[in-house]
Amino acid sequence: MIYHVAEKFVSINGEGERAGEPAVFIRLAGCPLRCSYCDTVYAMSFDAPCELMTEDDIAAYIADTGINNVTLTGGEPLAAEGIRELLIRLSQLPVRVEIETSGAFDVSVCRGISPAPVLTVDYKLPSSGMESRMLPGNYTGLSHEDTVKFTAGSKEDLERALEVIRGYDLLSRCHVHISPVWGKLSPREAVEFILHHRLNGVRMQLQIHKIVWSPDQKGV
Ligand code: SF4
């Protein structure tokens, strides 16, 4: 299988349960969603400039980096043809694979692989313009290793996140993160909301890579 790799690089995980740790990123090109705040527009198109790589090419690149956290991102990695074959190939490496996905694609394609890849599933809130694309089944079949991430760009988004957390009883299923959209919602507003509602177990996350480097920097 051939995969369209828009970027590959070593950095730190900016988000997720392994935030702050070294990670090797594989960014697959192509996403059918159009979130209002997308910060990877350059990888949105399925025709975006990319390197064509096989499963073995990607596995060899990862092995050469010496990094044992792999973040498979996009674009939308679950929209890539042959994604399951790639996940199976990467499961043969001594690495932890994390998939960042939008919530609009059926995550069950990742099941039955050992060791299982870890999922970070976005729930697209109203300000994204993409909430109607969320698949309800994605939020009921998660493991305790997985994470649901709410990227909140407004107070309305925070209120909706609370409804979804309660509606799916997410805190009993998986990790739950709230991440303010850079420049749209202040970290303080997110923290105050979490504290006001006594959201025990919910973690506020900042996109560390946007603090360490410029918010517009690619390849980090
Ligand atoms: S799902 Fe991700 S890659 Fe796709 S448009 Fe939204 S933010 Fe961008």
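Two strands count as paired if DSSP finds at least two bridges between them. I keep that rule at hand for β7 and β8, which run parallel and are joined by six bridges. The model I am reading is a predicted one.

**Entry 1: the sheet**

Nine strands make an open sheet, and I read them across as β3-β1-β2-β4-β5-β6-β7-β8-β9. The pairing in this sheet is mixed. From one strand to the next, the twist averages 30 degrees.

**Entry 2**

Next I went to β2. Strand β1 (residues 2-12) and strand β2 (residues 22-28) run antiparallel, with seven bridges joining them. I picked out two positions here: V10 stands opposite V24 in β2, and K8 has I26 of β2 as its bridge partner. The pairing of β2 with strand β4 (residues 69-73) is in the parallel sense and has four bridges. There I found R27 with T73 of β4 as its bridge partner.

How much of β2 is covered? I find it mostly covered, with six of its seven residues buried.

**Entry 2: β7, β8 and β9**

I then moved to β8. In the parallel pair of β7 and β8, K149 stands opposite H177 of β8. β8 also pairs with β9 in the parallel sense, over three bridges. The bridge partner of I178 in β9 is M204.

Which residues of β8 are buried on each side? On one side I list H175, H177 and S179, and on the other V176, I178 and P180; all are buried, and both faces of β8 are covered.

β7, α3 and β8 make a right-handed β-α-β unit. β8, α4 and β9 make a right-handed unit of this kind as well.

**Entry 3: L206**

I stopped at L206, which sits in the loop between β9 and α5 (208-212). Why does L206 count as partly exposed? It has 15 C-beta neighbours inside 10 Å, and the class is for counts between the limits of 12 or fewer for exposed and 20 or more for buried. Leaving aside neighbours within four places in sequence, I find L206 in contact with P187 and I211. I also noted V181, 25 residues from L206 along the chain; the C-alpha atoms of the two are separated by 8.8 Å.

**Entry 4: the ligand**

Last, I listed what surrounds the ligand. The residues are C31, L33, R34, C35, C38, T40, M44, G74, G75, E76 and S102. How do the residues of this shell divide? I read five nonpolar, four polar and two charged.

Note on methods. Residues numbered from 1 in each chain as written. Predicted model: local features only at pLDDT ≥ 70, side-chain atom pairs only at ≥ 80, totals over all residues. Axes fitted to C-alpha atoms, helices over the stretch in contact; angles between N-to-C directions. Near = placed C-beta within 6 Å. Nonpolar A, V, L, I, M, F, W, Y, C, P; charged D, E, K, R; others polar. Contact = placed C-beta atoms within 7 Å. Right-handed = clockwise from strand over helix to strand, strands pointing away.
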